[in-house]
Amino acid sequence: MNAIAAALALLPALGAGLGMGLATAKAVEATARQPEASGKINAILLLGLALAESTAIYGFVIALILQSKV
């Protein structure tokens, strides 16, 4: 039962991966359209990627906690 709960706790990692891929693609498109704004686009992108990665890390930590409660 703990393995199922741990697997479900890792679902945010899937969402974070998809979200980070989409955000990166949009940032590349925006930089291609407006190269002069690349610095501002990169700063916003890095902030968004950090927030998305934190959700994946929280899910991973919860999955580890659930696995250790055997």
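At what angle do the axes of helix H1 (residues 2-9) and H3 cross, and within what distance do they come? In this predicted model, the two axes come within 8 Å and cross at roughly 175 degrees. Because angles over 145 degrees count as roughly antiparallel, H1 is roughly antiparallel to H3. On the H1 side the contact is made by Asn2, Ala3, Ala5, Ala6 and Ala9, and on the H3 side by Gly59, Ile62, Ala63, Leu66 and Gln67. Sorted by class, the residues of this contact comprise seven nonpolar and three polar ones, with no charged residue.

H3 also packs against helix H2. The axes of H2 (residues 11-33) and H3 (residues 38-68) come within 9 Å, again with a crossing angle of roughly 175 degrees, so that H2 is roughly antiparallel to H3. From H2, the residues that make the contact are Pro12, Ala13, Ala16, Met20, Ala23, Thr24, Ala27, Ala30 and Thr31, while H3 contributes Ser38, Ile41, Leu45, Leu49, Ala52, Glu53, Thr55 and Ala56. Twelve of the residues in the contact of H2 with H3 are nonpolar, four are polar and one is charged.

Between H1 and H2 lies a loop in which Leu10 is found. With a relative accessible area of 37%, Leu10 is partly exposed, because that class covers values between 20% and 50%. Leaving aside residues up to four places away in sequence, Leu10 touches Gly59, Phe60 and Ala63. The C-alpha atoms of Leu10 and Phe60 are separated by 5.8 Å, although the two residues are 50 residues apart along the chain.

For the protein chain as a whole, the secondary structure comes to three helices and zero strands, and the order of elements from the N terminus on is α-α-α. The C-alpha atoms fill a box of roughly 55 × 15 × 5 Å along the principal axes, and the radius of gyration is 16 Å, whereas a compact globule of 70 residues would have a value near 11 Å. Of the contacts in the protein chain with a separation of 6 or more, 76% are accounted for by residues 24 or more positions apart. Buried residues make up 13% of the 70 residues, and the accessible surface of the protein chain comes to about 5100 Å², 75% of which belongs to carbon and sulfur atoms.

Terms used:
Residues are numbered from 1 along each chain as its sequence is written. This is a predicted model: local features need pLDDT of at least 70, side-chain atom pairs count only at pLDDT 80 or more; totals for chains, interfaces and linings use all residues. Side-chain values use heavy atoms; hydrogens and water are left out. Axes are lines fitted to C-alpha atoms, for helices over the stretch in contact, and angles run from 0 to 180 degrees between N-to-C directions. Helices (H or I, at least four residues) and strands (E, at least two) are DSSP runs, numbered from the N terminus. Angles under 35 degrees count as roughly parallel, over 145 as roughly antiparallel, 65 to 115 as roughly perpendicular and the rest as oblique. Contact means heavy atoms within 4.5 Å. Ala, Val, Leu, Ile, Met, Phe, Trp, Tyr, Cys and Pro count as nonpolar, Asp, Glu, Lys and Arg as charged, and the others, Gly among them, as polar. The radius of gyration is taken over C-alpha atoms; the globule rule is 2.2 Å times the number of residues to the power 0.38. Buried means under 20% relative accessible area, exposed over 50%, partly exposed in between (1.4 Å probe, protein chains only). Accessible areas come from the Shrake-Rupley method with a 1.4 Å probe; for residues, only the protein chains shown count as cover.
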